[in-house]
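Reader: I have a structure to read, and I am new to this. Where do I begin?

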Amino acid sequence: MKAVVYQEPFKVSVESVADPKISHPNDAIVRITSSCICGSDLHMYEGRTAAQPGIVFGHENMGIIEEVGPAVKDRKVGDRVVMPFNVACGFCKNCLNGFTAFCTVVNPGFAGGAYGYVAMGPWVGGQAEYMQVPFADFNCLPLPPGTEHEADYALLADIFPTGYHGAELAGVKPGETVAVFGAGPVGLMAAYSSLLRGASEVCVVDHVKERLDKAEEIGAVPINYDEGNPVDQVKERRSGDGVDKGIDAVGYQATSAGSSAVGGEQDEVPNVVLNQLIELVNPTGALGIPGLYVPSDPGGVDENAARGALLINFGRLFEKGLRLGTGQCNVKQYNAHLRDLITAGRAKPDFVVSHEVSLDEAPAAYEKFDRREDGYTKVILHP
Ligand SMILES: NC(=O)c1ccc[n+]([C@@H]2O[C@H](COP(=O)([O-])OP(=O)(O)OC[C@H]3O[C@@H](n4cnc5c(N)ncnc54)[C@H](O)[C@@H]3O)[C@@H](O)[C@H]2O)c1
Ligand SMILES: [Zn+2]
Ligand SMILES: [Zn+2]
């Protein structure tokens, strides 16, 4: 089958690879109808992780079940399903507690597995024609049959739940004010989720115009950090007040004002968003941090950043009594409810999707998405 294969930094190609097989009675094989490119893929694409050439990318996958192993009970051939990016067993201690992003079974020696991702286990990615899904009853979320809401449902694999997770980690409540840093797909979903949860005002900080426009479209307030310190800008419009809750949807590849925003450049300031959120969130507030931070970064801007050690103002955080929550999203905590909001017409997250292309167009799409140019915000590949 055809698949998107990582070759070297800034290069993927569409190659012929082995077809996936049922290797355990709990497996299913899914024919992929939609697989999204994620900001998380770009960390690998830019050579900012330990990913080796040959890895098939793709952790945001949706499709039709083609084949099931003899132990799969509830999922059937022909079912339309979306898979959380987390691969999870459903029965380890962490899965039983709902923390499916920290499954201890699917990636031995580590807590957490994912498809097509470095260090996340042997699971081959779904930017391909077919994909093997282990523990298929647990890992396939059933969807209404047909083709309706394809893009909305595809976002249930990662970014809609992850944005919602950001709001959950920050504990966003009705009437509260929220600042979201990053208007990438995750930031836009965090802003959208905060509004769904009843936030009274959501400010979204970025410097990519098309992305800030999307934030404004959904009723958030766009703040361009190239036009001045975003903390001051938010406080100015709020007559000096900060916000109740903050969400970091940028992560360790944060850049400073005026930079080109392409990863790997020297204007990267990995701690800038964390420190700005500590300044901006009011005392007793909370920070949700779905943006990715890594314990080892081959392209880190200095020795400390290379081992994930960042200088953050912990004294100020303590003084203000702020709480913070971090980590990969436990997609299964949210995906069924968010699916039902989509089905009922109460949520329409596909406003974030900018491009839908074939698998063969993946190399060009990666290049453009990486440069955040031509309005590339979220790309869905249709194998
Ligand atoms: N926790 C999880 O489970 C999970 C899941 C998916 C993605 N992620 C992570 O979330 C982050 C965002 O993902 P994405 O797909 O939206 O990525 P993205 O790279 O498309 O978006 C990041 C955005 O941040 C903006 N940005 C850069 N520096 C900034 C700054 N100083 N202030 C404000 N904005 C700034 C960029 O311009 C860009 O638009 C990534 O780190 C990704 O790895 C985490
Ligand atoms: Zn993703
Ligand atoms: Zn588990």
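Author: Begin with terms. Helices (H or I, at least four residues) and strands (E, at least two) are DSSP runs, numbered from the N terminus. This is a predicted model: local features need pLDDT of at least 70, side-chain atom pairs count only at pLDDT 80 or more, and totals for chains, interfaces and linings use all residues. Residues are numbered from 1 along each chain as its sequence is written, while chains are lettered from A and ligands numbered from 1 in the order in which they are written.

Reader: Which helix gives the most to the shell around ligand 1?

Author: H1, with four residues. A residue is near a molecule if its C-beta atom, placed from the backbone, lies within 6 Å of it. Here 34 residues surround ligand 1, and Gly39 and Leu292 are among the closest.

Reader: Where does ligand 1 lie?

Author: Domain bounds come from an automatic or database domain assignment. Domain 1 (2–158 + 330–382) and domain 2 (163–326) both supply shell residues, so ligand 1 lies between them.

Reader: What does Val204 touch?

Author: Two residues are in contact if their C-beta atoms, placed from the backbone, lie within 7 Å. Not counting residues up to four places away in sequence, Val204 touches several residues, including Val180, Leu212 and Ile223.
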